[in-house]
Amino acid sequence: MVQKDIGACFEIRVDGKTRSYRDRKEIAIESGEYLKQMQPQCEVIVRDVRDNSITVIEREKSVVLDLGAASKVLKR
């Protein structure tokens, strides 16, 4: 289910714990990349709360996952 525009739509998670929210995807990914640089051993994920898709922040690049793959990662 896709929600309407609700403001901050992107959640940034570090090791499964919510760290912050952003309203634009580009800013959320940049924030996630910064957190990954500061804590390279941690898992950093940017989740779109509207459709539950996620972007996994890797050391050198970001990986976007669809809803099905996102649900598997978030259940860990």
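## Asn52 and its loop

In this predicted model, Asn52 is partly exposed, with a relative accessible area of 23%. Its place is the loop between E3 and strand E4 (54-57). Although Asn52 is not a glycine, its phi is positive, at about 65°. Most residues other than glycine have a negative phi. The side chain of Asn52 also takes part in a polar contact of 2.8 Å with the side chain of Arg47.

## Arg47 in strand E3

Arg47, the partner of Asn52 in that contact, is found in strand E3. Its relative accessibility is 14%, and because buried means under 20%, Arg47 counts as buried. Asn52, at 23%, is by contrast partly exposed.

Besides the contact with Asn52, the side chain of Arg47 is joined to the side chain of Glu11 by a polar contact of 2.7 Å. Arg47 and Arg13 are 34 residues apart along the chain, and 7.7 Å separates their C-alpha atoms.

## The nonpolar core

The largest nonpolar core holds 12 residues in all: Cys9, Phe10, Ile12, Val14, Ala28, Ile29, Leu35, Cys42, Val44, Val46, Val49 and Ile57. Strand E1 (10-14), helix H1 (25-38) and strand E3 (44-48) are the elements that give two or more residues to this core.

Phe10 is one of the core residues. With its neighbours within four places in sequence left aside, Phe10 is in contact with Ser20, Tyr21, Arg22, Asp23, Arg24 and Lys25, and also with Ala28, Val46, Arg47, Asp48 and Arg50. Ala28 and Val46, both among these contacts, belong to the core as well. Arg47, discussed above, is another of the residues that Phe10 contacts.

Asp15 lies in the loop between E1 and strand E2 (17-22). Asp15 has a positive phi of about 50°, although it is not a glycine. With a relative accessibility of 45%, Asp15 counts as partly exposed. Asn52 is likewise partly exposed, at 23%.

## Confidence of the prediction

The protein has a mean pLDDT of 82, and 70% of its residues reach 70 or more. Confidence is highest in E1, at a mean of 96, and lowest in strand E5 (residues 62-65), where the mean is 61.

How values were computed
Residues are numbered from 1 along each chain as its sequence is written. This is a predicted model: local features need pLDDT of at least 70, side-chain atom pairs count only at pLDDT 80 or more; totals for chains, interfaces and linings use all residues. Side-chain values use heavy atoms; hydrogens and water are left out. A nonpolar core is a set of buried Ala, Val, Leu, Ile, Met, Phe, Trp, Tyr and Cys residues joined through side-chain atoms within 4.5 Å. Buried means under 20% relative accessible area, exposed over 50%, partly exposed in between (1.4 Å probe, protein chains only). Helices (H or I, at least four residues) and strands (E, at least two) are DSSP runs, numbered from the N terminus. Contact means heavy atoms within 4.5 Å. pLDDT is the predictor's confidence in each residue, from 0 to 100. A polar contact is a pair of N or O atoms within 3.5 Å; within protein, one must be able to donate a hydrogen and the other to accept it, and residues adjacent in sequence count only if both atoms are side-chain atoms.
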